[in-house]
Amino acid sequence: MNSFSLDNLQSLTWFFPEIAITVGVIAVIIWDLISAGLNRIRGIVVITLASLLTSGFLSLAYLMRQLAGLTPSMSLFGGLLAFDPFSHLFRMLFAFVAAIVIVFASPSSETGAGTRKRRGAGEFFTLLLIITLGLNLMVMSRNLLMIYLSLEVVSVISFVMAGFKIDNRKSAEGALKYVIFGGMASGIMLYGMSWLFGISQSLDIGEIGNQIAMATAQNGRVPLVILLGVVCMLGGLGYKISAAPFHMWTPDVYEGAPTSITAFLSVGPKAAGFAVLIRFFEEGVKATTHYDGRLTPWAMIAGLIAMATMTVGNFTALHQSNIKRMLAFSSIAHAGYMLLGFCVFDQQGKQAIMFYLLTYALMNLGAFLVVAAVAERNGGNEDIATYNGLGSRSPVLAIMMAIFLFSLTGLPPFAGFIGKFYIFASLLHVGGRWNWILATVGVLNSVVSLFYYARVVRAMYLTKPDDKRALTVRVSWGTTIVALAVPTLALGIYWAPIYDFMTASLLIGR
Amino acid sequence: MISIPLEHYLVVAAVIFAIGACGFLARRNALVALMSIELMLNAVNVTLVAFNRWHGDNHTGQMFAFFIIAVAAAEAAVGLAIVLALFRLKKSVRTDTADLLKN
């Protein structure tokens, strides 16, 4: 696919977004040691935001260079990492998500940043930056070893972050489940990798793809051992995106972790997991929906996982009383919708997922921010009952929450509707009985999801408040919430420029 | 020199992997779960090294195994720290007593 790869020294020129984050990590550690008091936390926030923005804008600059045809797509570090528009788009998304989460976390007492002693604030921001670095490497990986290492960077640090509220039992329990399931999932994934290595004698996913294509052509179908290896890999990646058989950790971790981390985990690692999944199936498996006129096992497996993920997520979300837990199940359901776009293994599905991830990042971050704002004024209580009468207690906040929830449901005229529309369109574009079944299940699931999202909206507007006092929100959080709600609405009405930009970017990587 | 064929290594690795998986599913002690994961990872190492020995033109597989060992150590360190944090709050390392979070 890519004609040439650069050696280590040459690659550094095209590695600046990651270098910016690395410098940020070191700077935060040093600043944390030499400063004290309020200056400390302010300095840390400024450094982290600066390094993230630098990283995001450098990725944008690379993307623009590639769009202008100045730089071809290539492999960095002797074929370990990819340099292509696909990874630039994701790196911009991660910089954006991490920056929002930092604004979100800086005054919060859960992260240690908002308390008097500011215990652990330095660690929190350092770890957040390192996760972002890991996410960047994940979307660029083009080698099994690199996929494993970047995935583990993200996983191990996510474990620490999930248990960040050190004297909270829920947080420790969530983190324990995360570690144990994470270890299991990476063990299964590695077993799959070891077999793929055994068959193809290479860790490079392009080379593996050639071997798989050759073996498939020889046998007329996918050999069993390759099927086993790829399914094992799906296990590890499915864990990251919280797909159906590997979703058990999600609600516990999301409920136990500090809300800012929950917001981050529900967007960042999920997006990176999808990026690895798409790259691996495109370059490493060279998957198609049909082979010799028959449905391939890949389309079948991905479709089954997608259906199971959506259904489990939506139906379990129906009877949750804790809002964070409900949003956790809703995020599982959203992973299912995105997997629908993955099932078709083509350019249109890839664009649909990319666009969906952007809208999902906006609305999900927004919803979790509102949760954090409401929980803070209710003594950390996250029950849906605390939303009773929010429409009169804090009208603006309630409107914002309603926008996010309706967008998550996929109602027009919000961004979530357009995202879902493109996902279903990509399925029907390929057509065939299987894809029609998948699309139908997806639409029915969207209808089910309306029930639990509407429950919160009903609580906000139709139930009388237990506590009639007005609910105030921090200025920084209020601004961020509005800043996320505006594009959620705007992208639902006028999305064409963003969608066309993504399409153009993804096409030139070919 | 009598050399052991590749299949033997692969079977041993598969058996170790299965033991690890069964231990993970059957036991309710967080420490045993972490040990089972370690078994599974070592099964992967055996498979990688065996395949590499069989192909033999480079050391990619061995190198991968070293990375796995290093990362597994990091993961175990974090895992044990979390088990310790939970033990301080609950005085137990059994996963079935960690039941505060439920559907």
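Predicted model: local features only at pLDDT ≥ 70, side-chain atom pairs only at ≥ 80, totals over all residues.
Figure 1. The secondary structure of chain A comprises 20 helices and four strands. Chain A has a radius of gyration of 22 Å, close to the 24 Å given by the globule rule for 510 residues, so it is as compact as a globular protein of that length. Taken along the principal axes, the box filled by the C-alpha atoms of chain A is roughly 70 × 55 × 45 Å. Of the 510 residues in chain A, 61% are buried. Among contacts in chain A with a separation of 6 or more, 78% are made by residues 24 or more positions apart.

**Figure 2. Helix α7 of chain A and the residue that follows it.** Helix α7 of chain A runs over residues 169-200, and its 32 residues reach 46 Å from the first C-alpha to the last, which is close to the 46 Å expected at 1.5 Å a residue. The helix α7(A) is mostly covered, with 29 of its 32 residues counted as buried. Just after α7(A), the backbone at A:Gln201 adopts a positive phi of about 55 degrees.

**Figure 3. The contact between chain A and chain B.** Chain A brings 31 residues to this contact, and chain B brings 34 residues. On the side of chain A that touches chain B, helices α6 (144-162), α7 and α10 (249-256) of chain A each supply at least two residues. Among the contributors to this side of chain A, α7(A) gives the most, with 17 residues. By residue type, the side of chain A that touches chain B divides into 16 nonpolar, nine polar and six charged residues. The helix α7(A), which gives the most residues to this side of chain A, is also the helix in which 29 of 32 residues are buried.

Figure 4. Because A:Val276 has 24 C-beta neighbours inside 10 Å, A:Val276 counts as buried, the cut-off being 20 or more. When residues up to four places away in sequence are not counted, A:Val276 touches A:Met138, A:Ser141, A:Ile147 and A:Leu237.

Terms used
Residues numbered from 1 in each chain as written. Chains lettered and ligands numbered in written order. Expected span 1.5 Å × (residues − 1). Buried ≥ 20, exposed ≤ 12 C-beta atoms within 10 Å, placed from the backbone. Contact = placed C-beta atoms within 7 Å. Nonpolar A, V, L, I, M, F, W, Y, C, P; charged D, E, K, R; others polar. Rg over C-alpha atoms; globule rule 2.2 N^0.38 Å.
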